[in-house]
Amino acid sequence: MNEPHSFPAYYDDLALSFEEAWGLVSTGVTNRHSPAHMPVVGTIDALGVPQMRIMILRGVSRDGRTLRFHTDSRSIKAEQLRQNPASSLLIYDPTAKIQIRMSGKTHFMTTGDIADTAWSTSTPFARRCYMAEAAPGTPVAKPSSGLPEWIEGKQPEEKLLADYRGNFAALLVEIETIEWLYLANAGHRRARWQWDAAQNTWAGRWLIP
Ligand SMILES: Cc1cc2nc3c(=O)[nH]c(=O)nc-3n(C[C@H](O)[C@H](O)[C@H](O)COP(=O)(O)O)c2cc1C
């Protein structure tokens with residue numbers, strides 16, 4: 001005999017699904033145990049190959065339609081983004097059984113208020129990553145963290161970190177599409193929202209899962 005199903009309020013409600021999607025993504029900033037804390041971020045390399053990696057979600061602005069990440073301005077992804085700002089994000093929350101895919105354009109910021117604030121509000125330990133002497137991805141003859149030996153295992157002082165500010169970049173992904181997939185035995189639900197710049201609004205619709 002089939003068990004009766006209980007559905008979340010957003011199951012058949014497009015507007016509530018949209019709310020839930022942003023809510024789930026936003027939780028990633030404040031709750032480091034949330035799956036949205038570590039999305040997969042995709043870029044396109046010079047050969048057109050999709051390149052993906054985990055990144056920590058640092059900020060979300062629903063009104064601004066942006067997600068913020070931090071990275072090394074010398075990294076391989078940084079070069080990819082300079083050539084092609086197209087980016088995508090992937091999150092799966094296994095408890096909620098919700099997959100969220102987002103895509104948009106990344107604004108690469110090494111100077112300005114957003115990057116400065118992102119730098120100064122990061123912990124010294126997090127900023128230590130930017131002290132690597134060679135660019136991330138540089139081939140080396142023997143295993144290495146890339147950090148100067150004297151700082152390994154130590155927390156750098158604030159005044160010392162200032163010298164490395166140039167290696168830091170904030171990435172702001174301007175979201176243009178959001179895709180939602182909710183898994184349910186009774187029937188999955190899939191939806192997609194596209195930012196309509198002319199109307200200054202999101203246009204959403206259900207899709208066949
Ligand atoms: C849990 C976890 C969190 C990570 N967070 C970041 C991050 O916030 N920023 C970043 O640039 N790389 C982060 N990385 C490293 C990237 O996944 C990737 O290995 C690195 O940035 C090099 O990528 P690229 O060669 O495409 O530039 C993280 C990796 C893991 C496993």
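Apart from residues up to four places away in sequence, Thr177 touches Arg101, Met102, Ser103, Arg192, Trp193, Gln194 and Trp202 (contact: heavy atoms within 4.5 Å). The model is predicted, and local features need pLDDT of at least 70, side-chain atom pairs count only at pLDDT 80 or more, and totals for chains, interfaces and linings use all residues. Residues are numbered from 1 along each chain as its sequence is written, and side-chain values use heavy atoms, with hydrogens and water left out.

Thr177 belongs to strand 7 (residues 168-182); strands (E, at least two residues) and helices (H or I, at least four) are DSSP runs numbered from the N terminus. With a relative accessibility of 10%, Thr177 is buried (buried: under 20% relative accessible area; exposed: over 50%; partly exposed: in between; 1.4 Å probe, protein chains only).

Rings of Phe, Tyr and Trp (its six-membered ring) are paired if their centres lie within 6.5 Å, with planes under 30 degrees apart counted as stacked, over 60 as edge-to-face and the rest as tilted. The count by this rule is 10 aromatic pairs. Phe18 and Trp193 form a tilted pair, because their ring centres are 5.2 Å apart and their planes stand at 55 degrees. This pair links distant parts of the chain, with Phe18 in helix 1 (residues 14-30) and Trp193 in strand 8 (residues 189-196), 175 residues apart. Both Phe18 and Trp193 are buried. Trp195 and Trp202 form an edge-to-face pair, at 5.4 Å centre to centre and 70 degrees between the planes. Trp202 is buried at 17% relative accessibility. One aromatic cluster is formed by Phe7, Tyr10, Tyr11, Trp180 and Tyr182.
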